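Hi,

Here is the structure I promised to pass on.

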Amino acid sequence: MALQRIADFEPNYKEEIFAGDDIKGFDVYAGDSDEKVGTVYDALVDETGRFRYLVVDTGIWIFGKKVLLPIGSARFDYGAHRVYATGLRSKAQAEQLPAYNEMEPLDYDREEQVRGVYRNPGTAATSTATPASYDRSSYSYDIDRPLYETNEQNHQNLKLYEERLIANKNRAKTGEVAVGKRVETETARASVPIEKERVVIERVTPVEAGRVVSVGEADFQSGEVARIEVYEETADIHKEAYVREEVNVRKEVVRSTVDGEETLRREELDIQTDGTPVVDNKGI
């Protein structure tokens, strides 16, 4: 897990993490003694914001050497602006620690050298070999909880971080719909029955044919005998436009639920007591 300086992780770390204070410059003392071993030069956090190390500038104690102090091996006294390096008990132990160089990457092997000194403070850690019980592919800081755990007693103003699942949604254009009209043609046929009138003239022999009429009965005159108007129908086939249908264009929102799953982590206080002290942890 990559480590980074606290100011790179949270530029406003003084307000966000230390409530307006700054641990940089705090005096560092060995164990619980009054032997000053240096000052806090910086702090390193992992990618989730958890404190992992204090960078201690040993000053003239060991000729300006900077060393790493795991956060679990430190006790803060904010009133006195002090840090007690409970895991760093002697100058000899500090000399065994590899020097920290902020220009060089802090890899697993370098951290193992540091952890080896704090795991076995009473032995001369001249070997840089990794113990068989530790494996770089599966190593977790939880394996060395005493070196990295924080608690309210020793780290009053250090914030405990917790991950939470944030579900947001983004609105993105997926396309557009253009509705237009086009003209299609077809040939239509229609049939209309029509009627025509015609005049039929028939000559028939009346029943009285041959009967002699009396004088004066016969009215011989020339002129029009009958008038008949003749009509016929003609086809009137034409086209006309009319409203067939109306198209309404609108948008509808289709709602659905997208499920997601993540593994969340949170930091909890681990309070250790020695003896039978009375601890009021109602607010924890």
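Which residue in β4 is the bridge partner of alanine 43? Leucine 54 is. Before I go on, a word on the ground rules: this is a predicted model, so local features need pLDDT of at least 70 and side-chain atom pairs count only at pLDDT 80 or more, while totals for chains, interfaces and linings use all residues. Residues are numbered from 1 along each chain as its sequence is written, and side-chain values use heavy atoms, with hydrogens and water left out.

First, the overall picture. The protein chain has five helices and seven strands (DSSP runs numbered from the N terminus, H or I of at least four residues for helices and E of at least two for strands). Along the sequence they come in the pattern β-α-α-β-β-β-β-β-β-α-α-α. Of the 284 residues, 26% count as buried (buried is under 20% relative accessible area, exposed is over 50%, and partly exposed is in between, with a 1.4 Å probe and protein chains only). The chain exposes about 22600 Å², and carbon and sulfur atoms supply 47% of that (Shrake-Rupley areas with a 1.4 Å probe; for residues, only the protein chains shown count as cover). As for contacts (heavy atoms within 4.5 Å), among those with a separation of 6 or more, 61% are between residues 24 or more positions apart.

Now back to β4, which covers residues 51-57 and has six of its seven residues buried. On one side, six bridges join β4 to β3 (residues 36-46), and the two run antiparallel (strands pair if DSSP finds at least two bridges between them). The hairpin of β3 and β4 has four residues between the strands, and glycine 49 there takes a positive phi near 95°. β4 also pairs with β5 (residues 66-70), again antiparallel, through five bridges. In that pairing, valine 55 has leucine 68 of β5 as its bridge partner.

Why is β5 largely enclosed by the rest of the structure? Because four of its five residues are buried. Lysine 66 lies in this strand and is partly exposed, with a relative accessible area of 22%. Leaving out residues up to four places away in sequence, lysine 66 touches Tyr41, Val55, Val56, Asp57, Pro98, Ala99 and Tyr100. Its C-alpha atom is 9.6 Å from that of threonine 39, which is 27 residues away along the chain.

- Serine 73 sits in the loop between β5 and β6 (74-77) and is buried, at a relative accessible area of 6%. Apart from neighbours within four places in sequence, serine 73 contacts Tyr84, Ala85, Thr86, Gly87, Tyr118, Pro146 and Leu147.
- Histidine 81 is in the loop between β6 and β7 (82-85). Phi of histidine 81 is near 55°, a positive value in a residue other than glycine, and histidine 81 is partly exposed at 39% relative accessible area.
- Isoleucine 17 belongs to the loop between α2 (13-16) and β2 (27-30). Isoleucine 17 is buried, with a relative accessible area of 3%, and its C-alpha atom is 9.9 Å from that of isoleucine 6, eleven residues away along the chain.

I used a 1 Å grid over the protein atoms alone: a cavity is a set of points where a 1.4 Å probe fits but cannot get out, a pocket is an open set with protein on both sides within 12 Å along at least five of seven lines, and lining residues have an atom within 4 Å of a point. Points are joined across faces, edges and corners, and a volume is the space filled by probe spheres set on them.

The count comes to one cavity of 30 Å³ or more. The largest cavity has a volume of about 70 Å³, and its lining includes Leu68, Pro98, Ala99, Tyr100 and Arg110. By class, that lining has seven nonpolar, one polar and two charged residues (Ala, Val, Leu, Ile, Met, Phe, Trp, Tyr, Cys and Pro are nonpolar, Asp, Glu, Lys and Arg charged, and the others, Gly among them, polar).

The largest pocket holds about 890 Å³ of space. Of its 15 lining residues, Arg182, Val183, Glu184, Tyr242 and Arg244 lie nearest the centre. The lining divides into five nonpolar, two polar and eight charged residues.

Cheers
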